[in-house]
Amino acid sequence: FIASQQIDLHDRAAMADLHLPESLQTLILSRMDTIAEDARRSMKVASVIGRVFEAPMLPGAYPELGTLDDVLGHLETLRTADLVRLDRLADLAFLFKHAVTQEVAYDSMPFSVRANLHGRVGAYIEARDPDDIDRHLDLLAHHYGLSDDHAKKVEYLGRAAEAARGTFANAAAIGYYERLIPLLDGSERAAATLRLARVLQTAGQLPKSESVALEARGLAVDLGDTRQEAWAEASLAETAKRRNLYDEAWERLGRANELFARLDEPSGIADMLHLAGVIAEFRGEYDNARARYDQAREARMEIGDLAGAATSEGNLAIMAEFTGDYRGALEINDRALELRRSINDRRGIAIGEMNAGYFRRLVGELQDASAHLETALAVSREIGDPAMVGHAQSTLAGVYLAMQDYPAAAAQFSNALERQGELNDLRAMSMTLEDVAVLGARAFGGTDPFELFGGTDALRAEIGAPRPPTLEVELTDHLADARATLGDEATDAAISRGRAWTAAQTVSAGVAILERLKPVR
């Protein structure tokens with residue numbers, strides 16, 4: 001601006017008399033006003049496309065600008081005014097020199113004009129590449145989402161949401177669904193709301209998932225849509241299970257199962273059989289859990305739900321582990337993992353790799369265990385499931401513990417506790433803290449690890465998730481040397497003190513042990 005006034009920067013009097021624009025936006029608007037009308041129109045259309053824009057898109061989306069040669073002339077005017085520059089010659093891509101320049105050009109147009117232009121840009125992208133629409137879903141959702149074309153807005157926000165959900169781009173999927181749902185009515189709105197609840201569940205946003213699923217259930221009830229009501233109850237049951245609210249989960253599971261039976265919905269019935277097995281397992285009802293998993297696996301195979309059948313098979317591997325049959329558990333899990341890989345079930349692969357690592361740790365194959373768990377951790381991060389990430393970190397820490405690499409184990413346990421604490425997953429935290437107690441007992445002994453062990457007893461009792469018998473034996477063996485050193489009387493007294501702790505005290509004690517063992521940086 002000063003240069004345009006031809007003022008000598010060393011002329012103090014001239015500089016003192018200089019009147020600067022009120023704001024950067026005002027300055028840019030005043031510069032735009034000096035540009036020819038045709039160049040200014042091209043600039044405004046370009047601002048709708050984005051900070052980077054390809055010149056052919058301007059006349060393609062808005063033919064009123066003239067030919068491509070005309071538009072290139074307009075852009076040369078803008079370049080001379082130092083507002084845009086050529087970014088890529090190959091596809092004639094230009095760049096607004098400053099983001100605020102694009103913003104001011106965009107904001108200078110009425111909302112209705114912007115909405116019309118977004119619709120035109122979306123239509124141009126559709127027509128330009130009709131055989132590869134899926135590759136441009138995000139772009140089409142953006143432009144049609146800001147357009148005044150309701151039908152296209154609904155279509156592309158929905159398609160982009162589903163595509164993001166399918167690739168576990170959870171944050172993007174949540175954003176699209178939240179923009180889509182207010183545009184829908186009736187059963188379509190209930191279905192989209194329920195899909196949002198499921199994505200939130202995967203992303204670990206459990207309170208919000210519950211709230212959204214309740215909204216979906218209310219919509220379904222008002223509409224008399226029994227099928228959506230059943231799936232909403234199923235979602236609420238899963239969320240309650242993840243929040244360690246097993247009684248509530250069981251009640252909602254029962255309601256969902258009644259509705260699925262009334263509808264003769266085999267996939268829903270199979271899912272509820274599996275969920276019933278999980279709740280029974282967490283409550284320590286292992287025979288019941290095994291029977292439910294068997295039934296769920298058969299039901300899922302009958303309807304061709306291979307991912308679900310592999311999930312039930314994987315949980316049967318855990319049942320084998322609880323009987324002490326570690327080799328059998330490993331074989332069952334590897335069969336399930338092979339099936340999951342064959343259908344590229346990413347979440348199933350993460351679970352299968354994690355259990356493959358855990359079972360290999362139990363049979364002493366520590367290097368193979370570590371490799372499987374690194375894969376599980378990578379896939380869990382890829383799908384954006386924080387609960388799975390925490391579980392994989394805790395299980396990998398157990399392998400480092402078995403390798404006697406205590407600093408590495410402490411670092412991974414700390415990571416796991418952080419994830420699990422964010423989710424308030426008390427069951428997962430109790431399992432991690434049990435291993436932290438073993439780590440402390442082996443690394444430095446004393447009463448602290450046994451107090452922590454007593455604290456995990458209280459934590460499990462609080463949520464109604466007893467320790468599996470095989471795990472009880474395993475932990476007793478791991479703590480045997482430390483008990484012998486300390487003596488039974490002192491050990492039992494320490495465990496008793498820990499059993500009087502609150503959950504917060506137990507977690508704090510675990511963190512204190514880990515702080516003593518973390519690597520020095």
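Helices here are DSSP runs of H or I with at least four residues, and they are numbered from the N terminus. The model is a predicted one, and the points below should be read with that in mind.

1. Asn-424 lies in the loop that joins helix H22 (406-423) to helix H23 (426-443). Its phi is near 55°, which is a positive value in a residue other than glycine. As background to this point, most residues other than glycine have a negative phi.

2. Although Asn-344 is not a glycine, its phi is positive, at about 55°. With a relative accessible area of 49%, Asn-344 is partly exposed, because the class of exposed residues begins only over 50%.

3. Turning to the sheet, 3 strands form an open arrangement in the order E1-E3-E2, and the pairing is antiparallel. Strand E1 (52-54) and strand E2 (84-88) stand at the edges with a single partner strand each, so that one side of each is left without a neighbour in the sheet. On average, and with direction ignored, neighbouring strands of this sheet are turned by 35° against each other.

4. The pairing can be followed strand by strand. E1 pairs with strand E3 (residues 93-96) in the antiparallel sense over 3 bridges, and here Phe-53 stands opposite Phe-94 in E3. E2 and E3 pair over 4 bridges, also in the antiparallel sense, and Leu-86 stands opposite Phe-94 in E3. E2 and E3 form a hairpin with 4 residues between them, and in the turn Leu-92 has a positive phi of about 50°.

5. Which way do H14 and H15 run relative to each other? The axes of helix H14 (residues 246-263) and H15 come within 9 Å and cross at roughly 160°; since angles over 145 degrees count as roughly antiparallel, H14 is roughly antiparallel to H15. The crossing in which H14 passes H15 is left-handed. On the H14 side the contact includes Tyr-246, Trp-250, Leu-253 and Phe-260, which belong to a set that meets residues of H15 including Ile-269, Met-272, Leu-275 and Phe-282. By class, this contact of H14 with H15 has 13 nonpolar, 2 polar and no charged residues.

6. The pair formed by helix H15 (residues 266-282) and helix H16 (residues 286-302) has axes that come within 8 Å and cross at roughly 160°, which makes H15 roughly antiparallel to H16. H15 passes H16 in a left-handed crossing. Among the residues that make the contact are Asp-271, His-274 and Glu-281 of H15, together with Arg-292, Tyr-293 and Arg-300 of H16. By class, the contact of H15 with H16 has 10 nonpolar, 4 polar and 4 charged residues.

7. Is Ser-370 buried or exposed? This serine has its place in helix H20 (residues 366-383), and at 13% relative accessibility Ser-370 counts as buried, because the cut-off for that class is under 20%. Once neighbours within four places in sequence are left aside, Ser-370 is in contact with Leu-396, Val-399 and Met-403.

How values were computed: Residues numbered from 1 in each chain as written. Predicted model: local features only at pLDDT ≥ 70, side-chain atom pairs only at ≥ 80, totals over all residues. Heavy atoms only, no water. Pairing = 2+ DSSP bridges. Helix = DSSP H or I, 4+ residues; strand = E, 2+ residues; numbered from the N terminus. Axes fitted to C-alpha atoms, helices over the stretch in contact; angles between N-to-C directions. Buried < 20%, exposed > 50% of the residue type's maximum accessible area, 1.4 Å probe, protein only. Contact = heavy atoms within 4.5 Å. Parallel < 35°, antiparallel > 145°, perpendicular 65-115°, else oblique. Left-handed = near helix turned anticlockwise from the far one by under 90°. Nonpolar A, V, L, I, M, F, W, Y, C, P; charged D, E, K, R; others polar.
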